[in-house]
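Please work through the exercises below with the sequence and the model open side by side. Each task is followed by a solution that goes step by step.

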Amino acid sequence: DGVLLPPTLSQQTQPLSVPTGCKRISQYANRASASSEYGGGWNAFQATGAPSHTGCAEQMTGSWAPLNADTQRNKLTLTFANPVSAREVHVWEHANPRTAAGFVTSIVLRGLDGRSYTVWSGRDNTACGEKLSISVEALVLTNTVEVYTQTQGVAAWEYIDAVQLKGDDCTSTPSPTVTLQPVDLLIDSRPSSTLDRVMGGQSTGQLSQFSVSLDRVMGGQSTGAASLLPRTGYLFEGFLETAGGGFAYLRLSRTSAADISQYAAVELVVDVSAQGQAPLAFQIELIGNGRSCTLVSSFALPLGNYNDGQLTKSTLYVPLAAFKPKGVWWRGGRCSGSSTSLRSVNAIQIGNYYQRGSYRLALHSMRAVGKSPSPPAGYPRLPSNKRSKRGAAQFLRAALSRAEGLVVKGSPEASMAVSVLETAAWQVVRTDRATSSSAKNALREAARAAAKLRSEGQSPERIATGLQEKMEKVLRVDYASY
């Protein structure tokens with residue numbers, strides 16, 4: 001229990017001075033770990049991103065909770081993307097029962113100098129559904145907040161929905177950094193594919209060189225084939241038939257678990273798509289011990305061209321902060337248990353869902369990386385036959401149509417819709433002849449806003465709806481005659 005005691009005020013040392021040239025920013029955590037967690041919809045990851053609830057969420061998922069309802073001490077550790085000279089910390093609280101709210105005992109900032117600073121300790125009078133807000137008097141350069149909790153006089157689950165850190169971003173000041181070597185996620189992996197036969201789907205194909213896992217209970221007809229690429233990576237292709245089923249996925253099972261808990265994103269090097277009229281989305285799932293819910297996010301293949309007989313490559317990034325728990329399909333994707341730990345990823349699954357037609361994914365590389373460049377890096381220009389305002393208008397309308405069909409399926413597929421729309425927006429932004437300056441600015445800001453909301457953990461349905469509205473407005477204003 002002693003490890004859960006925060007440093008006392010007497011253990012603090014002289015705070016760091018404030019560098020010049022800083023700007024005030026606010027941010028939500030993008031990583032979290034805990035001394036204890038209930039799992040499922042109450043794992044530590046639920047405390048990342050913006051608040052999920054308004055009002056008291058007494059028995060609702062979407063917050064961190066410890067394993068047991070008791071009066072033991074617990075610690076929630078949150079990491080933020082940008083080190084700041086801290087000014088404020090805000091903690092959104094819920095509890096089960098609700099009367100147990102007001103459970104924070106102290107807040108500690110872990111400085112970049114390696115020291116810990118207790119910036120608040122005392123009586124917490126926060127009610128369920130409200131936030132504890134503190135001002136930081138000492139000046140500490142940090143990107144890590146530790147929240148210590150203990151319910152008072154009642155055995156209960158304390159819930160933390162979100163934690164926000166406000167401070168001065170001092171980008172001009174060098175800070176200690178640890179260079180993370182990328183983790184190759186294709187090494188030590190064994191592929192297999194699964195089709196939609198369990199749901200009566202009609203997609204078809206075979207798995208070249210590897211075993212096929214087909215569920216023929218309801219006579220599905222989707223197909224998929226996987227094979228080794230000439231140098232490295234895998235080729236996954238087939239035809240997706242949405243009648244009855246509508247999914248096919250490639251599973252890469254690892255011979256040893258990968259720890260990617262300290263990384264920022266999954267980097268994928270893929271061939272662009274030469275099929276269809278819109279970006280093609282795929283779900284990517286991180287799988288743990290097989291008994292827990294997976295973590296799911298998405299990416300989309302940009303449309304592109306051939307170069308010397310070969311499809312051009314694109315490097316895409318999926319932030320780890322954008323992954324959300326996903327349960328089994330017969331429970332509507334709802335997660336009711338523990339979810340995959342980023343410390344132990346045993347398999348990765350990449351799937352095509354509800355997008356009828358031919359698909360082709362050439363996956364040359366997949367790595368966990370410590371940082372990723374800001375868009376539009378990685379997104380190519382539109383293919384040559386769409387490098388006009390008319391072509392761009394058709395492309396955006398096709399992307400909106402594909403996204404609309406995915407959003408209605410629910411959260412995991414809504415994430416795919418966001419990827420389709422973000423990719424379409426960035427491709428148009430990259431293509432000068434296809435857009436006006438006003439359309440380019442509007443699409444750029446829409447895509448940036450969506451990416452920020454994904455990193456903050458906002459619901460994919462909300463993000464997709466916002467993107468749809470902004471892109472439809474661009475079509476009305478800038479492409480009305482096309």
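**Exercise 1: A glutamine in a helix**

Glutamine 468 has a relative accessible area of 13% and is therefore buried, where buried means under 20% relative accessible area, exposed means over 50% and partly exposed lies in between, computed with a 1.4 Å probe on protein chains only. The model is a predicted one, in which local features need pLDDT of at least 70 and side-chain atom pairs count only at pLDDT 80 or more, while totals for chains, interfaces and linings use all residues. Residues are numbered from 1 along each chain as its sequence is written, and side-chain values use heavy atoms, with hydrogens and water left out.

Task: state in which helix glutamine 468 lies, and list the residues with which glutamine 468 is in contact, leaving aside its neighbours within four places in sequence.

Solution. Begin with the secondary structure, in which helices (H or I, at least four residues) and strands (E, at least two) are DSSP runs numbered from the N terminus; glutamine 468 belongs to helix α4. Next, apply the contact criterion, heavy atoms within 4.5 Å. Once neighbours within four places in sequence are set aside, the partners of glutamine 468 are Leu400, Ala403, Glu404, Val407 and Leu421.

**Exercise 2: A pair of helices**

Task: determine how the axes of α3 and α4 cross, and describe the contact of α3 with α4 by residue class.

Solution. Take the axes as lines fitted to C-alpha atoms, for helices over the stretch in contact, with angles running from 0 to 180 degrees between N-to-C directions. The axes of α3 (residues 437–455) and α4 (residues 460–478) come within 10 Å and cross at roughly 180°. Angles under 35 degrees count as roughly parallel, over 145 as roughly antiparallel, 65 to 115 as roughly perpendicular and the rest as oblique, and α3 and α4 are therefore roughly antiparallel to each other. On the α3 side the contact includes Ala442, Leu443, Ala446 and Leu453, which belong to a set meeting Ile463, Leu467, Lys470, Met471, Val474 and Asp478 in α4. By class, this contact of α3 with α4 has 12 nonpolar, 1 polar and 3 charged residues, with Ala, Val, Leu, Ile, Met, Phe, Trp, Tyr, Cys and Pro counted as nonpolar, Asp, Glu, Lys and Arg as charged, and the others, Gly among them, as polar.

**Exercise 3: Backbone exceptions and confidence**

Task: which peptide bond ending at proline 97 is cis, and where is aspartate 308, which has a positive phi, found?

Solution. Recall that most residues other than glycine have a negative phi, and most peptide bonds are trans. The bond from asparagine 96 to proline 97 is cis, with omega near 5°, and proline 97 is found in the loop between β3 and β4 (104–111). The bond from proline 375 to proline 376 is likewise cis, with omega near 10°. Aspartate 308, although not a glycine, has a positive phi of about 55°; aspartate 308 is in the loop between β18 (306–307) and β19 (310–311) and counts as exposed at 77% relative accessibility.

Finally, consider pLDDT, the predictor's confidence in each residue from 0 to 100. The chain has a mean pLDDT of 85, and 84% of its residues reach 70 or more. Over residues 173–177 pLDDT stays under 50, and the model has 3 contacts beyond four places in sequence for that stretch.
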